[in-house]
Amino acid sequence: MSQENQADIAFDPHAPAFMTAMCQMALDAGALIMQHYKNGVAEEKKADKSPVTQADRDAEILLTARLGQLAPGVQIIGEEACSDALPSSMEAVFFLLDPLDGTRDFVAKRDNFTVNIGLIAGHSPIAGVIYAPVHEKLYFSGTDSAFRLNIAPDGALDISAATPLHTNSIDPTGLKIIASRSHRDEKTEDIINRLYVKKTIAAASSYKFCMVAEGTADFYPRFGRTMEWDTAAGQAILEAAGGVVTTEDGAPFTYGKLERGLDNPSFIAAAADNWQDALK
């Protein structure tokens, strides 16, 4: 975390008690989501035609209440709340919530949906938690690495038992590329064709960031539309592990873009900042 960003907040998001609280609420949201997953839930459509379920709403209610207790006064921006109305202004520090990222996978009873909590200061993600309840994997950022903990939604949480994660160096002659399962477009195919690809992995949700952070993949290009809550937690975790997230021309990837309606430009997530060296 930069000194500029440290000056913006009155707490340390990576202090053990604070991070434990964020991880626990992600687990609890995951447990709630899994109840819906087992019992079945109807898919609805939001105004932008994206899917939503009662599981999304219930998880956001839980996370919003818990964050309000943990960090009183800090702005909380959740995907489902923004479906009704965007915030009128952005504060210097705010949480971004995607309570159930990968709703299509959730409804289809696949496994890559996630719970996401990101903390933004100085327009950059400074802390993040992602929980993948079917995989029973919890990821969170640290000050000099990211971490992974294998844990069930109802498991006893001990973040000190987590495994540190550091990205692999990029081998430009044999890349492992990860691409969206449902949003793979012509531009994505074009950049894949410009790389020396050893393996292509299809996946969904913010779980893709975690796969780069833990070394399963090297490179995740995304040219379709995403929103800030889709990427904040994943960027925090990947960058803590040593990776990078930039715009496609290598510029910083920032947050609080209310003038854009909180949507993102295209981006590249990679294991190292020399990803452009891998282009043919």
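**View 1. Salt bridge between Glu43 and Lys45.** The side chains of Glu43 and Lys45 meet in a salt bridge, with 3.1 Å from N to O, the term standing for a side-chain nitrogen of Lys or Arg within 4 Å of a carboxyl oxygen of Asp or Glu. The model is predicted, with local features requiring pLDDT of at least 70 and side-chain atom pairs counted only at pLDDT 80 or more, whereas totals for chains, interfaces and linings use all residues. Residues are numbered from 1 along each chain as its sequence is written, and side-chain values use heavy atoms, with hydrogens and water left out. Glu43 counts as partly exposed because its relative accessibility is 36%, while Lys45, at 54%, counts as exposed; here buried means under 20% relative accessible area, exposed over 50%, and partly exposed in between (1.4 Å probe, protein chains only). By the salt-bridge rule the count comes to 11.

**View 2. Salt bridge between Lys46 and Glu80.** The side chains of Lys46 and Glu80 meet at 3.4 Å, N to O. Lys46 lies in the loop between strand 1 (44-45) and strand 2 (51-52) and Glu80 in helix 4 (residues 79-84), so the pair ties together parts that are 34 residues apart in sequence. Helices (H or I, at least four residues) and strands (E, at least two) are DSSP runs, numbered from the N terminus. Lys46 counts as buried at 13% relative accessibility, and Glu80 counts as buried at 10%.

**View 3. Salt bridge between Glu248 and Lys187.** The side chains of Glu248 and Lys187 form a salt bridge of 3.1 Å, N to O. Because Glu248 lies in the loop between strand 13 (244-247) and strand 14 (267-270) and Lys187 in helix 6 (residues 186-193), the pair ties together parts that are 61 residues apart in sequence. Glu248 is partly exposed, with a relative accessible area of 36%, and Lys187 is partly exposed at 41%.

**View 4. Surroundings of Leu96 in the largest nonpolar core.** Leu96, Ile178 and Phe219 touch the most other members of this core of 50 residues, a nonpolar core being a set of buried Ala, Val, Leu, Ile, Met, Phe, Trp, Tyr and Cys residues joined through side-chain atoms within 4.5 Å. Leaving aside residues up to four places away in sequence, Leu96 touches residues including Ile77, Ile117, Trp229 and Tyr255, where contact means heavy atoms within 4.5 Å.
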